[in-house]
Amino acid sequence: MKIVLMISDFMIPLIFVLIIGYGLLNNVKVYDTFIIGAKEGFKIVLQIMPTLIGLMVAVGILRASGFLDVLTNVLTPITSKIHFPSELVPIALMRTVSSSATTGLILDLFKTYGPDSLIGRMTSVMMGCTETVFYTLSIYFMTVKIKKTRYTLTGALLVSLAGIIASVIITYSVFGN
């Protein structure tokens, strides 16, 4: 295990050294190229900032208003029939929008149930099986100016739903009811 930790400590600096070395071997002005990339990155950040602010405000409103709690209570009869813990409804919904908001919800859930509980493990698997669909699509499509997304949103939401279902099935099958 110490070898793995030692390798992981040196991996990022090693990658930087390899990139710089490769650039120097190919007569690339590494620092100048880095500055150009940083300027372009900053321009992209300025372009996507309104979208990020809008998403953060919407997530804040949903959490503060108690809407997620009301929705959880409304859906509890349905989720109990399909053996889906109702405590995971806000996480499953919020995960499609914001990873940081979901992390806040997960930390609250871990404080209540513990990370090693069935719900805690199910949540952890769910985080690995899903993606922040709306955030990712809005940022990527806005950055490259894609207007017609076709079936991307539908496909991404279906895949996230499959990830949510898989997380429940996997956790129940490995850790029991």
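Reader: Where does Lys145 sit?
Author: Lys145 is in the loop between H7 and H8. Keep in mind that this is a predicted model.

Reader: What's the phi of Lys145?
Author: Near 60 degrees. That is a positive value in a residue other than glycine. Most residues other than glycine have a negative phi.

Reader: Is Lys145 buried or exposed?
Author: Exposed, as its relative accessible area is 56%. The cut-off for exposed is over 50%.

Reader: Which other residue of that loop has a positive phi?
Author: Arg150, also found in the loop between H7 and H8. Phi of Arg150 is near 55 degrees, and Arg150 is not a glycine. At 70% relative accessibility, Arg150 counts as exposed.

Reader: Now the helices. At what angle do H7 and H8 cross?
Author: Roughly 150 degrees, with the axes coming within 10 Å. Over 145 degrees counts as roughly antiparallel, so H7 and H8 are roughly antiparallel to each other. The crossing of H7 past H8 is right-handed.

Reader: Which residues make that contact?
Author: From H7, Val133, Phe134, Leu137 and Phe141. From H8, Thr152, Leu153, Ala156, Leu157 and Ser160.

Reader: And by class, how many are nonpolar, polar or charged?
Author: The contact of H7 with H8 has seven nonpolar residues, two polar and no charged.

Reader: Pick Val133. Buried or exposed?
Author: Val133 lies in helix H7. Val133 counts as buried, at 4% relative accessibility. The cut-off for buried is under 20%.

Reader: What does Val133 touch, leaving aside neighbours within four places in sequence?
Author: Arg95, Thr96, Leu153, Ala156, Leu157 and Ser160. Leu153, Ala156, Leu157 and Ser160 are on the H8 side of the contact with H7.

Reader: How far is Val133 from Lys147?
Author: 16 Å between C-alpha atoms, and 14 residues along the chain.

Reader: Tell me about H8. How many residues, and what span?
Author: H8 covers residues 152–175, which is 24 residues. From first C-alpha to last, H8 reaches 34 Å. That is close to the 34 Å expected at 1.5 Å a residue.

Reader: Which H8 residues are buried?
Author: Ser160, Gly163, Ile164, Ser167, Val168 and Thr171.

Reader: Why might residues three or four places apart point the same way?
Author: An α-helix has 3.6 residues a turn, so residues at that spacing point the same way.

Reader: What do the buried residues of H8 pack against?
Author: Three helices: H4 (89–95), H6 (118–129) and H7 (133–143).

Reader: What comes just after H8?
Author: Gly176, with a positive phi of about 80 degrees.

Reader: Switching to H2. How does H2 pack with H7?
Author: H2 spans residues 30–65. H2 and H7 pack at an angle of about 150 degrees, and their axes are 10 Å apart. H2 and H7 are therefore roughly antiparallel to each other. H2 passes H7 in a right-handed crossing.

Reader: Which residues are in the contact?
Author: On H2, Ile44, Gln47, Ile48, Thr51, Leu52 and Leu55. On H7, Tyr135, Ser138, Ile139, Met142 and Thr143. By class, the contact of H2 with H7 has seven nonpolar, four polar and no charged residues.

Reader: Last one. What about Met49?
Author: Met49 is in helix H2 and is partly exposed, with a relative accessible area of 32%. Met49 and Ala101 are 52 residues apart in sequence and 17 Å apart in space, C-alpha to C-alpha.

Note on methods. Residues numbered from 1 in each chain as written. Predicted model: local features only at pLDDT ≥ 70, side-chain atom pairs only at ≥ 80, totals over all residues. Heavy atoms only, no water. Helix = DSSP H or I, 4+ residues; strand = E, 2+ residues; numbered from the N terminus. Expected span 1.5 Å × (residues − 1). Buried < 20%, exposed > 50% of the residue type's maximum accessible area, 1.4 Å probe, protein only. Contact = heavy atoms within 4.5 Å. Axes fitted to C-alpha atoms, helices over the stretch in contact; angles between N-to-C directions. Parallel < 35°, antiparallel > 145°, perpendicular 65-115°, else oblique. Left-handed = near helix turned anticlockwise from the far one by under 90°. Nonpolar A, V, L, I, M, F, W, Y, C, P; charged D, E, K, R; others polar.
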